[in-house]
Amino acid sequence: MLTLYNTFSKTKEEFVSLNPGKVGIYSCGPTVYGFIHIGNIRAYLLSDTARRYLEYTGYEVRQIKNITDVGHLTDDDINQGDSGEDKIEKAALREKKTPEEIARFYEEYFKQVEKELNIIPAHFFPRATAHVPQMIKIIESLIEKGFAYEKNGNVFFDVTKFADYGKLSGNTLESLKVGARLEEHPDKKNPWDFALWLKAPIEHLMKWQSPWSSGYPGWHIECSAMSTEYLGNTIDIHTGGEDNIFPHHEAEIAQTECYTGKQFVRYWLHNRHLLVDGKKMSKSKGNLYTLDDIKENGFSAMDLRLLFLSSHYRSQMEFSWQALEQAHKNIQKINDFILNLEAIATNNFVFSNIFDTSIFKEKFQLAMDDDLNTPLALSNLYELISQANGEIAAEQLSSDSAKKILSLWKKMNSVFGFILQGQAEVPEEIKQLIRERQYAREGKDFQKSDDLRNIIEKKGYTVEDTKDGMKIKIAS
Ligand SMILES: [Zn+2]
């Protein structure tokens with residue numbers, strides 16, 4: 001039974017989808033006016049893991065991830081583009097002149113990063129700029145129903161009209177009155193009201209005609225427009241980073257529920273912050289890393305994927321190069337193990353004992369059922385590896401057992417989502433030589449075994465006989 005921690009109820013709840021067998025997930029996507037950083041990646045990995053596990057358990061998932069491409073850029077931003085931005089960004093801004101071109105550039109970058117991390121693409125990535133008419137329609141309806149008001153071409157949501165305001169974040173009107181930081185605007189009735197539509201100053205490059213002014217939508221309304229458009233009035237799961245809880249998701253609830261009259265989201269999932277050097281990442285602190293930084297330091301996207309899965313999405317996580325190094329070693333360990341199993345599986349080793357995979361499968365599911373506990377699921381995998389390696393070392397793991405473990409691995413990895421290097425990179429010719437060498441070793445023909453090792457090494461692979469069995473690596 002899958003349970004998920006719902007930020008709204010602040011408890012773990014049994015997951016029950018609105019429509020049997022089907023799940024709708026809405027994930028707040030990137031703002032495409034800059035490179036996404038590893039903190040963003042952590043949030044996308046949460047929605048990816050949720051989706052993967054729901055699919056593992058047999059649900060048909062429909063996932064929407066929006067692209068926030070409504071930028072509030074001015075000519076100055078584009079022409080200067082050097083307000084503390086990094087070099088590549090400056091170059092991009094120099095080369096790509098229109099906001100649309102810039103947005104497409106960063107959107108491509110975001111999609112490339114997701115691909116390298118093996119994050120399954122959402123079924124649709126709607127762009128905010130393509131949904132302004134839907135936003136206007138919702139705002140018109142909110143004004144008509146008395147939840148929103150217009151002044152001087154600006155439209156605000158009147159928070160005092162929505163009794164449930166603050167239920168997600170705990171920022172109720174009472175507590176907001178005590179002094180949360182709120183955006184100021186002279187046309188607001190109450191300081192805690194939020195913008196649905198704003199009149200654009202003359203220098204704004206992106207603006208749209210509306211019944212109220214030539215302007216642009218407030219930050220929150222796009223998610224209501226796109227989620228209702230693609231997932232209906234009620235969504236099963238809405239994901240995002242914890243910094244989205246307030247004001248973004250609180251505002252999404254208020255405006256959507258007042259518009260539809262229905263419950264907006266059944267389960268709210270939020271990942272906690274990723275810290276670097278004990279601080280939240282930000283450009284101004286100079287502690288903001290992108291996937292490119294990770295790769296420049298000799299690590300791979302899979303090292304990062306494993307690092308993130310090694311910590312529960314609801315625990316605050318501290319990024320460090322040392323932890324990434326450990327993740328790298330663990331990916332290597334998994335990689336070597338699977339290569340070994342593949343070699344054993346293609347042999348014909350027969351032993352009386354059969355490796356029992358059922359307990360590991362059960363433990364994997366129990367971990368994932370418990371609010372997507374990936375660190376526990378991973379430690380279960382490491383346990384499986386060490387037990388199987390023990391049998392390999394004792395020359396007791398049969399080819400059938402290896403096949404059984406590989407089949408379980410395939411299922412588990414549909415959730416972990418690792419792309420292992422060795423699998424794709426060891427050609428069939430080398431695998432054949434490995435098999436022959438194993439036969440030779442089995443028959444205690446060490447001369448032949450050594451000769452085969454030389455042949456394999458001449459072809460660019462290294463063979464290592466360890467206590468955990470034979471390891472094949474691409475010679476570096
Ligand atoms: Zn959103």
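## Exercises on a predicted model

Leucine 384 lies in helix α13 (residues 374–393). The structure is a predicted model, in which local features need pLDDT of at least 70 and side-chain atom pairs count only at pLDDT 80 or more, while totals for chains, interfaces and linings use all residues. Residues are numbered from 1 along each chain as its sequence is written. Helices (H or I, at least four residues) and strands (E, at least two) are DSSP runs, numbered from the N terminus.

### Exercise 1: two single residues

Determine whether leucine 384 is buried or exposed, and then what class phenylalanine 349 counts as.

Solution. The criterion comes first: a residue is buried if 20 or more other C-beta atoms lie within 10 Å of its own, exposed if 12 or fewer, and partly exposed in between, with C-beta atoms placed from the backbone. Leucine 384 has 22 other C-beta atoms within 10 Å, and is therefore buried. Its C-alpha atom is 9.5 Å from that of isoleucine 359, a residue 25 places away in sequence.

Phenylalanine 349 is found in the loop between α11 (321–345) and α12 (358–369). This residue has 18 C-beta neighbours inside 10 Å, so it counts as partly exposed. Contact requires that the C-beta atoms of two residues, placed from the backbone, lie within 7 Å; leaving aside neighbours within four places in sequence, phenylalanine 349 is in contact with Ile344, Ser398 and Ser399. The C-alpha atoms of phenylalanine 349 and glutamate 395 are separated by 9.2 Å, although the two residues are 46 apart along the chain.

### Exercise 2: two helix pairs

Describe how α5 packs with α8 and how α10 crosses α11.

Solution. Two packed helices are described by the angle between their axes and the distance between the axes. Axes are lines fitted to C-alpha atoms, for helices over the stretch in contact, and angles run from 0 to 180 degrees between N-to-C directions. Helix α5 (residues 132–144) and helix α8 (residues 245–260) pack at an angle of about 75°, with their axes 9 Å apart. Angles under 35 degrees count as roughly parallel, over 145 as roughly antiparallel, 65 to 115 as roughly perpendicular and the rest as oblique, and α5 and α8 are therefore roughly perpendicular to each other. The residues that make the contact are Ile138, Ser141 and Leu142 of α5, together with Gln255, Cys258 and Tyr259 of α8. By class, the contact of α5 with α8 has four nonpolar, two polar and no charged residues, where Ala, Val, Leu, Ile, Met, Phe, Trp, Tyr, Cys and Pro count as nonpolar, Asp, Glu, Lys and Arg as charged, and the others, Gly among them, as polar.

For the second pair, the axes of helix α10 (residues 301–309) and α11 come within 8 Å and cross at roughly 105°, which makes α10 roughly perpendicular to α11. From α10 the contact draws on Met302, Asp303, Leu304, Leu306 and Leu307, and from α11 on Ala323, Leu324, Ala327, His328, Asn330 and Ile331. These residues of the contact of α10 with α11 divide into eight nonpolar, two polar and one charged.

### Exercise 3: buried helices

State how many residues of α7 are buried, and which elements the buried residues of α8 pack against.

Solution. In helix α7 (residues 221–231), nine of the 11 residues are buried, so the helix is largely enclosed by the rest of the structure. Among these buried residues are Ile221, Cys223, Met226 and Leu231. Just after α7, glycine 232 takes a positive phi of about 85°.

The buried residues of α8 include Pro247, His249, Glu250 and Ile253. They pack against α5, β6 (154–157), β7 (194–199), α7, β9 (235–241) and β10 (265–271). Glycine 261, which follows α8, has a positive phi near 75°.

### Exercise 4: strands

Work out the order of the open sheet of three strands, and how β1 pairs with β2.

Solution. Two strands pair if DSSP finds at least two bridges between them. The open sheet has the order β12-β11-β13, with mixed pairing. β12 (279–280) and β13 (317–319) stand at the edges with a single partner strand each, so one side of each is left without a neighbour in the sheet. Strand β11 (residues 274–276) pairs with β12 in the antiparallel sense over two bridges, and leucine 275 stands opposite lysine 280 in β12.

β1 and strand β2 (residues 11–14) pair in the antiparallel sense over four bridges, with asparagine 6 opposite threonine 11 in β2. The two strands form a hairpin with four residues between them, and lysine 10 in the turn has a positive phi of about 60°.
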